[in-house]
Amino acid sequence: MNSIDRLVYMANQIAANLATDDDPVTAITNHIELFWDPRMKKLIREYKGDGLSPDAATAITRLIEIQNAA
């Protein structure tokens, strides 16, 4: 498993664990923003492949929006 595969796996695991949250996408976004290393966030924001769950993919889109707004 390469680095991006591992990050996709991790994002999906976070999404699965936060699926019952009132706003899972926001919870996923906040978790990644708070706990992931900047290099990890950069790699997942640049990822254009398949494999992300719908909530994880939406959270990554939000991370991109946050980055672009900064």
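These notebook entries record what I looked up in a predicted model of a protein.

**Entry 1. Conventions**

I number residues from 1 along each chain as its sequence is written, and I work with heavy atoms for side-chain values, leaving out hydrogens and water. Because the model is predicted, local features need pLDDT of at least 70 and side-chain atom pairs count only at pLDDT 80 or more, whereas totals for chains, interfaces and linings use all residues.

**Entry 2. Overall form**

I began with the secondary structure, taking helices (H or I, at least four residues) and strands (E, at least two) as DSSP runs numbered from the N terminus. The protein has 4 helices and 0 strands, and along the sequence the pattern reads α-α-α-α. The radius of gyration is 11 Å, close to the 11 Å that the globule rule gives for 70 residues, so the protein is as compact as a globular protein of that length. I took this radius over C-alpha atoms, and the rule is 2.2 Å times the number of residues to the power 0.38. Along the principal axes, the C-alpha atoms fill a box of roughly 30 × 30 × 20 Å.

I then looked up the surface, with accessible areas from the Shrake-Rupley method and a 1.4 Å probe; for residues, only the protein chains shown count as cover. The accessible surface comes to about 4,600 Å², and 52% of it belongs to carbon and sulfur atoms. I call a residue buried under 20% relative accessible area, exposed over 50%, and partly exposed in between (1.4 Å probe, protein chains only). Buried residues make up 30% of the 70 residues.

For contacts I required heavy atoms within 4.5 Å. Of the contacts between residues at least 6 apart in sequence, 66% join residues at least 24 apart.

**Entry 3. Helix α1**

I compared the helix with its expected span, which is 1.5 Å times one less than its number of residues. Helix α1 covers residues 3-17, and its 15 residues reach 21 Å from first C-alpha to last, close to the 21 Å expected. Its buried residues are L7, V8, A11, N12, I14 and A15. They cover an arc of only 155° around the axis, which puts them on the same side of α1. I took the arc from the directions between the helix axis and the C-beta atoms. The face turned away from the buried side carries the exposed residues A16 and N17. The buried residues of α1 pack against α2 (24-35), α3 (38-46) and α4 (54-69).

Helix α2 has 12 residues and reaches 16 Å between its end C-alpha atoms, close to the 16 Å expected. P24, V25, A27, I28, T29 and I32 are buried in α2, and their cover includes α1, α3 and α4.

Not counting residues up to four places away in sequence, T29 touches A59, R62, L63 and I66. With the same exclusion, I32 touches I14, K41, I60 and L63.

T20 lies in the loop between α1 and α2 and counts as exposed at 76% relative accessibility. T20 and I32 are 12 residues apart in sequence and 17 Å apart in space, C-alpha to C-alpha.

Leaving aside neighbours within four places in sequence, K41 is in contact with I32, E33 and W36.

**Entry 4. Helix α4**

The 16 residues of α4 should span 22 Å, and the end C-alpha atoms are 23 Å apart, which agrees. A56, A59, I60 and L63 are the buried residues of α4. Down the axis they fall within an arc of 100°, so they line one face of the helix. An α-helix has 3.6 residues a turn, so residues three or four places apart point the same way. The face of α4 turned away from its buried side carries the exposed residues P54, N68 and A69. The buried residues of α4 pack against α1, α2 and α3.

**Entry 5. Nonpolar core**

I defined a nonpolar core as a set of buried Ala, Val, Leu, Ile, Met, Phe, Trp, Tyr and Cys residues joined through side-chain atoms within 4.5 Å. The largest has 15 residues, of which I28, I32, W36, I44, L52 and I60 touch the most other members. The elements giving two or more residues to this core are α1, α2 and α4. The largest share, 5 residues, comes from α1.
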